[in-house]
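Here's a quick walk through one model, written for someone who likes to see the numbers next to the coordinates. Have the viewer open as you read.

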Amino acid sequence: MMSVVRLIETEPGRWRVDKRVVPVARSALPCPVVISDEMAPTEQVDGRFYTSKRAFRATGRALGLTEVGNEKPPPKWRSTDTKAVKAARRQALKTATEKYKAGHRIR
């Protein structure tokens, strides 16, 4: 099956491929991205009930609590990234290279 390409002349001697234009996805709602600050009354550690997400989170932060999903884990590092391991690796490669250049071969 062969597809047909249509060309449109934009200026005399200038052509472009006629592509199907897909409209940007829009919602019928006036502000579809807005998330409400309201929530069901929830008890915080201080014993008070909060219906505002902002106030609930602010109280938790003030008390030193970590909200699950918002914590930042410490950066991961490899045990081979330490200076001592890198220096030992460099020295081992240097020794192996010197032995090879000297003619030492393992058989």
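What follows goes from the overall chain to one hairpin, a helix residue and a few side-chain pairings.

First, a caveat: this is a predicted model. The protein chain has two helices and four strands, and from the N terminus the order is β-β-β-β-α-α.

How does the radius of gyration of the protein chain sit against that of a compact globule of 107 residues? The globule would come out near 13 Å, but the chain has 33 Å. The C-alpha trace spans about 80 × 75 × 30 Å along its principal axes. If you take contacts between residues at least 6 apart in sequence, 0% of them join residues at least 24 apart. The chain exposes about 10900 Å², with carbon and sulfur atoms supplying 58% of that area.

Now for the hairpin. Strand 3 (residues 38-43) and strand 4 (residues 49-52) run antiparallel and are joined by three bridges. One end to look at is Glu43, whose bridge partner in strand 4 is Phe49. Five residues lie between the two strands, and in this hairpin Gly47 takes a positive phi near 90°.

Helix 1 covers residues 53-62 and holds Thr59. Which residues does Thr59 touch, leaving aside its neighbours within four places in sequence? The contacts are Gln44, Asp46 and Tyr50. Thr59 itself is buried, because its relative accessible area of 16% falls under the 20% cut-off.

Tyr50 also turns up in the ring pairing. The count of aromatic pairs comes to one. That pair is Tyr50 with Phe56: their ring centres are 6.3 Å apart and their planes are at 75°, so the pair is edge-to-face. The cut-off for that label is a plane angle over 60 degrees. As for cover, Tyr50 is buried, while Phe56 is partly exposed.

Here are the accessibility values for these residues side by side.

| Residue | Relative accessible area | Class |
|---|---|---|
| Tyr50 | 9% | buried |
| Thr59 | 16% | buried |
| Phe56 | 22% | partly exposed |

One more side-chain item involves a charge and a ring. The charged end of Arg105 sits over the ring of Tyr100, at 3.7 Å from the ring centre.

Terms used: Residues are numbered from 1 along each chain as its sequence is written. This is a predicted model: local features need pLDDT of at least 70, side-chain atom pairs count only at pLDDT 80 or more; totals for chains, interfaces and linings use all residues. Side-chain values use heavy atoms; hydrogens and water are left out. Rings of Phe, Tyr and Trp (its six-membered ring) pair if their centres lie within 6.5 Å; planes under 30 degrees apart count as stacked, over 60 as edge-to-face and the rest as tilted. Buried means under 20% relative accessible area, exposed over 50%, partly exposed in between (1.4 Å probe, protein chains only). A charge sits over a ring if NZ of Lys or CZ of Arg is within 6 Å of the ring centre and within 35 degrees of the ring normal. The radius of gyration is taken over C-alpha atoms; the globule rule is 2.2 Å times the number of residues to the power 0.38. Contact means heavy atoms within 4.5 Å. Accessible areas come from the Shrake-Rupley method with a 1.4 Å probe; for residues, only the protein chains shown count as cover. Two strands pair if DSSP finds at least two bridges between them.
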